[in-house]
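Student: I have this model open on my screen and would like a close look at one part of it. Could you take me through how the second chain is put together, and then show me what surrounds it?

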Amino acid sequence: MSVSMATKTGPNPVVRLIKTYPMELILIVLVVLLILTAPGFASMRNLLNVLRAGAMLGIIAFGMTAVIIAGEIDLSVGAGAALAGTIVAWFSGALADYVGGTMAALIGFVAAVLVGFVVGFSVGKFRQWFNVPSFICTLALFTALRGFANLITGGFPLTTFPPGFDFFGGGYLLGIPFPVYIFALTFAGMHFLMNFTSFGRAVYAVGGNMEAARLSGIDIWWVKSMTLGLTGIMTAISGTLIASQIGSGTGTTATGLELDVIAAVIIGGTSLFGGKGRIWGTLIGVLFLGCISNGMTLLNVSEYWQYVVRGGIILGAVLLNQVLERVR
Amino acid sequence: MLDANPPQNRTGGLLEFKDVGKTYGQTVALTQFSHRFSPGKVHALMGKNGSGKSTLVKILAGVILPSEGTIRVNGADAIFHTPHDAFGAGVVTVHQELSLIPSLSIGENIFLGRLPMTRRFGLTMVDWPKLHRDATALLHEMGLDLSSHQLVSTLSVGQQQVVEIAKAMSFNPSVLLLDEPTSALATREVHLLFTLVRRLRERGVTILYITHRMNELFEIADTCTVLRDGLFAGSVEMTQATPASIVEMMFGETAKAKRPARKVIDRSGAPVLQVEGLTRHGLFADVSFKVHRGEILGIAGLLGAGRTEVMRAIFGADRVDAGSITVNGKTLTAATPKQMKEAGLGYTPENRKEAGLVQILSTHDNLCLASLGHIAPSGVVTRAREQAYVGRQISDLAIKVPEPMLPVSALSGGNQQKVVIGNWLNTQPKVMFFDEPSRGVDVQAKRQIFDIIWDQAERGLAAIFVSTELEEVLEVADRILVMRQGRVVAEVDPTATTLAELYRLCMEGPTA
């Protein structure tokens with residue numbers, strides 16, 4: 001998609017720029033405004049915090065982008081992230097005496113990733129076998145996974161992590177928060193997957209026209225299930241980072257995360273109808289949401305108004321995309 | 001809002017046409033049609049595709065206005081700007097596509113848009129008891145044993161067709177148009193429909209019955225009026241007509257199709273594709289055939305004969321109940337389209353918008369859809385790697401595309417069809433199914449598409465060609481299978497048969 005946009009010619013270079021990179025320009029304007037008005041926004045420490053918060057959300061959002069382009073949705077990522085954190089914490093506690101704390105946490109992480117993948121992949125298979133829409137299936141998981149997380153913890157935060165575990169969520173490597181590296185890696189990986197592999201091309205085809213993709217000999221259910229499975233993996237990674245940052249595995253963390261993730265994907269220009277969207281756009285969406293939240297907090301905007309503004313932004317971004325679609 | 005209480009007892013409509021014509025820009029669809037449809041009879045309207053039949057239906061339904069001429073209903077001038085105008089004049093059309101809402105009851109469907117209202121507790125609300133009472137009365141009057149409360153989704157296609165007619169009758173029409181009402185019906189359901197049509201005739205309703213099926217004419221119609229190339233070709237009383245005389249009216253003096261010199265096909269070796277006893281209950285049964293390398297096998301048949309269904313089933317897109325499919329000597333069972341593609345089959349679907357192309361993706365992407373496995377055996381693809389495949393099809397098939405990176409939806413029908421074909425040629429198939437490749441494309445593009453098929457066959461492709469236009473099947477194919485009601489009823493040599501004969505086979509089968 002990025003190529004088709006770049007090759008589009010307009011009458012005036014400025015107009016063309018605005019039409020081609022609307023969200024990028026709005027993000028730049030927002031950042032400039034915040035630097036000028038919000039006290040402390042431009043400090044390195046603050047910017048790195050924006051990135052760290054964005055990373056937790058963004059890692060999942062890149063997977064979600066693929067899911068939405070494939071014409072599906074996943075509402076369970078917030079609950080999934082909480083569950084992953086509790087799984088890592090549980091293994092860390094239960095196996096520490098046998099294999100050592102570090103190994104126990106690693107086993108827990110692998111288990112969380114496996115659970116994430118299997119649950120996500122199964123959502124796709126449910127759609128195939130029983131014709132249950134992913135919206136319904138993941139709505140059920142939205143509730144159920146959080147229930148499992150609380151069953152694992154017994155309702156209390158598990159603080160069984162080995163020493164040094166807080167590095168992954170809260171630490172710095174070469175002056176940059178560790179989650180930001182994972183964020184960057186996920187971006188690069190998903191960008192490559194969606195643009196330079198036959199799997200990525202198939203995701204666009206399946207979301208754009210399921211029947212045409214099927215008749216072209218593409219295994220549409222495998223493609224859809226894999227996008228959901230990948231998102232499950234990313235959810236587990238993000239959930240582990242969150243648990244590391246807050247120092248415990250708990251069933252009550254990451255509430256509402258799924259809606260922020262979906263909002264970031266939509267602000268980035270991905271169509272909920274499927275077939276259309278970019279990983280790059282999602283990156284912009286994640287940064288945009290992160291800057292606006294941080295900026296409003298620094299400007300002492302009431303939390304309630306922040307919700308209203310974010311709602312307006314989601315709607316505004318979708319409208320902008322619709323309007324641009326018409327003038328292009 | 002439609003009139004809930006149309007005039008009562010308005011039957012026996014006299015329908016007169018005087019010099020009615022319709023042109024679309026340069027294209028003439030109907031010319032100087034003058035005819036008088038006498039009241040209280042079943043008038044069949046026949047003609048092959050493009051004869052002007054559908055234009056006539058659209059004019060009477062109030063979908064389009066005629067360019068010239070006058071129509072009179074019971075002596076009064078009738079100009080239908082909207083379907084509502086047509087209802088008002090007592091002319092009601094039951095279209096070929098069903099327009100009922102499956103999730104609603106029969107009664108609500110019948111009175112949709114004009115639900116009876118009542119005032120209770122100071123509120124205006126739907127009068128459900130009256131609605132179902134009226135609907136039940138209507139259904140009984142027509143001799144239908146259906147409950148007004150029943151959901152339309154629980155009905156068979158035939159019953160839905162009947163409800164559609166009941167809905168039309170609730171407008172109390174003097175003229176009822178039935179546009180190919182039997183095209184989707186099983187034999188038993190056709191009888192149900194005919195009983196209803198006869199009953200309506202007894203009540204004095206004038207019925208215009210559009211059909212492709214010859215045998216139905218003799219069973220149900222009183223007269224038959226034929227259109228050919230937008231012109232009135234004749235009208236006969238059914239008592240004086242024979243199938244041969246009607247086919248002659250439909251086709252006139254037909255010229256032999258022109259085909260390029262085709263080399264003799266070597267049928268001595270093993271066939272590339274062999275199908276034995278393929279059956280899917282209710283759709284087709286016991287279909288067997290072979291195709292050899294370089295051969296173009298045509299499948300002829302009317303709409304609903306099962307042509308598309310058979311092809312889709314062979315390609316693995318739909319389920320098969322019995323039978324075997326052998327590709328290159330290898331028998332495949334319950335294969336998916338993906339496995340069939342790997343075995344060397346390709347399929348260009350009849351509806352390129354819904355099934356052939358991903359409209360929002362670029363021409364470039366659409367040309368690579370089926371062949372990603374060829375282009376990128378490792379799974380990693382780049383635009384540059386794809387470019388070779390895209391460029392080859394664009395130049396080989398002469399696809400007119402200003403910018404391959406723009407959405408394919410911007411292309412003309414003919415060019416989109418070439419993209420569908422190019423997408424499959426990129427997989428280097430051994431056997432290709434061409435399902436209605438010429439539908440909705442202009443004459444020049446049609447010639448080019450036929451040239452592509454002939455050219456690919458020269459290079460060894462076994463092609464299976466399906467078209468509703470029998471002229472095209474005669475022109476393109478080396479050998480023709482005739483399908484009728486889900487079965488292969490005949491095999492003909494296109495060089496030794498005529499269009500009228502092929503048409504007769506499609507309509508009546510070989511014995512009649």
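Tutor: Happy to. Let's start with the division of chain B, which falls into domain 1 (15-99 + 173-250) and domain 2 (272-344 + 431-437 + 461-512). Keep in mind as you look that this is a predicted model. The C-alpha centres of domain 1 of chain B and domain 2 of chain B are 32 Å apart. Where the two domains touch, domain 1 of chain B contributes 10 residues and domain 2 of chain B contributes 10 residues. On the domain 1 side of that contact, α7 (214-220) and α8 (243-251) of chain B each provide at least two residues.

B:L144 sits in the loop between α4 (128-141) and α5 (157-169) of chain B. B:L144 counts as buried because 20 other C-beta atoms lie within 10 Å, and 20 or more is the cut-off for that label. If you set aside neighbours within four places in sequence, B:L144 is in contact with B:L139, B:V162 and B:A166. For a sense of scale, pick out B:K338 too: B:L144 and B:K338 are separated by 194 residues in sequence and by 47 Å in space, C-alpha to C-alpha.

Next, the partner chain. Here 24 residues of chain A are in contact with 31 residues of chain B. On the chain A side, α1 (2-6), α10 (198-208) and α11 (210-215) each supply at least two residues. The largest share of that side, 7 residues, comes from α10(A). By class, the side of chain A that touches chain B has 10 nonpolar, 9 polar and 5 charged residues.

While you are in chain A, have a look at a helix pair. The axes of α5 (residues 77-99) and α6 (residues 101-130) of chain A come within 7 Å and cross at roughly 145°, and the crossing of α5(A) and α6(A) is right-handed. Among the residues that meet there are A:W90, A:F91 and A:L95 from α5(A), and A:M103, A:I107 and A:F109 from α6(A). The contact of α5(A) with α6(A) has 16 nonpolar, 5 polar and no charged residues.

How values were computed:
Residues numbered from 1 in each chain as written. Chains lettered and ligands numbered in written order. Predicted model: local features only at pLDDT ≥ 70, side-chain atom pairs only at ≥ 80, totals over all residues. Domains from an automatic or database assignment. Contact = placed C-beta atoms within 7 Å. Helix = DSSP H or I, 4+ residues; strand = E, 2+ residues; numbered from the N terminus. Buried ≥ 20, exposed ≤ 12 C-beta atoms within 10 Å, placed from the backbone. Nonpolar A, V, L, I, M, F, W, Y, C, P; charged D, E, K, R; others polar. Axes fitted to C-alpha atoms, helices over the stretch in contact; angles between N-to-C directions. Left-handed = near helix turned anticlockwise from the far one by under 90°.
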